[in-house]
Amino acid sequence: MERSVVVTDGSQDPEFPVTRVGIAVDVPEPWREFLTRRRAEAGDPQAEYVPAHLTLLGPTDISLASLPAVERHLAEVAAAHRPYLLHLRGTGTFRPITEVVFVVVAAGISECELLAGAITKAPELRRESRFPYHPHVTVAQDVAPEALDRVYEDLADFSALFKVEKFTLFSHNGDSRWQPRRDFALGG
């Protein structure tokens with residue numbers, strides 16, 4: 001059995017190197033740039049590092065040795081799920097629980113939930129979560145309340161409809177933006 005060990009000071013145990021991964025559906029252009037820019041205008045520092053996306057699996061540390069098994073699992077998940085339409089429309093918020101404003105998934109919710117559930121069936125990708133999975137596209141997080149209110153109002157009429165044909169495995173080394181590692185086409 002493989003282990004993934006992170007020493008409490010944030011460094012890695014050299015015997016068991018880990019990598020941080022995340023899995024997401026990219027929001028396509030022209031909406032990706034628009035939503036990412038809007039997030040930056042709200043003062044959200046994550047806009048520089050995280051383009052607009054819909055998370056299927058949040059940041060998760062896994063052992064480097066388990067990466068090939070994870071990629072095989074993701075290929076199986078993708079092959080077992082069909083492409084689907086995703087409709088983003090309007091805004092929502094998680095306040096007062098967390099200081100987040102997001103674009104709402106109006107259609108495609110169950111498809112996102114099924115994908116996220118299938119992805120986390122791999123033992124390496126199971127993780128504790130503070131909240132139940134809720135598909136959305138974050139457009140402001142941990143910024144001043146006035147900025148959250150402004151984004152919530154400004155994007156209330158936002159709408160984008162597109163076909164989801166793939167999801168992407170991203171990796172992060174802690175020093176820069178999330179890097180796409182591999183795309184997984186839905187339906188094989």
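Analyst: Helices (H or I, at least four residues) and strands (E, at least two) are DSSP runs, numbered from the N terminus. The model is predicted, so local features need pLDDT of at least 70 and side-chain atom pairs pLDDT 80 or more, while totals for chains, interfaces and linings use all residues. Residues are numbered from 1 along each chain as its sequence is written, and side-chain values use heavy atoms, with hydrogens and water left out.

User: Where does Asp142 lie, and why is Asp142 called exposed?

Analyst: Asp142 belongs to the loop that links strand E5 (136-141) to helix H4 (145-154). By definition, a residue is buried under 20% relative accessible area, exposed over 50% and partly exposed in between (1.4 Å probe, protein chains only). Asp142 has a relative accessible area of 58%, and therefore it counts as exposed.

User: Why does Arg150 count as partly exposed, and why is Val137 counted as buried?

Analyst: Arg150, a residue of helix H4, has a relative accessibility of 47%, so it is partly exposed. Val137, in strand E5, has a relative accessibility of 1% and is therefore buried.

User: Which residues does Val137 touch?

Analyst: Contact means heavy atoms within 4.5 Å. Leaving aside residues up to four places away in sequence, Val137 touches Val27, Leu35, Ala52, His53, Leu54, Leu88, Phe102 and Val103.

User: Why is Arg38 called buried, and what does Arg38 touch?

Analyst: Arg38 sits in helix H1 (residues 31-41). Its relative accessible area is 10%, and so Arg38 is buried. Residues up to four places away in sequence not being counted, Arg38 touches Val139, Arg150, Val151, Asp154 and Leu155.

User: How do you know that the buried residues of H1 line one face of the helix?

Analyst: The buried residues in H1 are Leu35, Thr36, Arg38 and Arg39. Seen down the axis of H1, they fall within an arc of 160 degrees, so they line one face. The arc is that of the directions from the helix axis to the C-beta atoms. Among the elements that cover these buried residues are E4, E5 and H4.

User: What places the buried residues of H3 on the same side of that helix?

Analyst: In helix H3 (residues 109-119), Cys112, Leu115, Ala116, Ala118 and Ile119 are buried. Around the axis they cover an arc of only 165 degrees, which puts them on the same side of H3. They pack against strand E1 (18-26), strand E2 (53-63), helix H2 (67-80), strand E3 (84-93) and strand E7 (166-172).

User: Why is H2 described as roughly antiparallel to H3?

Analyst: H2 and H3 pack at an angle of about 150 degrees, and their axes are 10 Å apart. Thus H2 is roughly antiparallel to H3. Axes are lines fitted to C-alpha atoms, for helices over the stretch in contact, and angles run from 0 to 180 degrees between N-to-C directions. Angles under 35 degrees count as roughly parallel, over 145 as roughly antiparallel, 65 to 115 as roughly perpendicular and the rest as oblique.

User: Which residues make the contact of H2 and H3, and how many of the contact residues are nonpolar, polar or charged?

Analyst: His73, Leu74 and Val77 take part from H2, and Leu115, Ala118 and Ile119 from H3. In this contact of H2 with H3, five residues are nonpolar, one is polar and none is charged. Ala, Val, Leu, Ile, Met, Phe, Trp, Tyr, Cys and Pro count as nonpolar, Asp, Glu, Lys and Arg as charged, and the others, Gly among them, as polar.

User: What is the omega of the cis peptide bond that joins Glu29 and Pro30, and what is omega for the cis bond from Arg95 to Pro96?

Analyst: Between Glu29 and Pro30, omega is about 5 degrees. From Arg95 to Pro96, omega is near 10 degrees. Most peptide bonds are trans. Pro30 is in the loop between E1 and H1, and Pro96 is in the loop between E3 and strand E4 (100-107).

User: Why is Pro123 called exposed, and where does Pro123 lie?

Analyst: Pro123 has a relative accessible area of 58%, and it is therefore exposed. Its place is the loop between H3 and E5. Pro123 and Gln141 are 18 residues apart along the chain, and their C-alpha atoms are separated by 30 Å.
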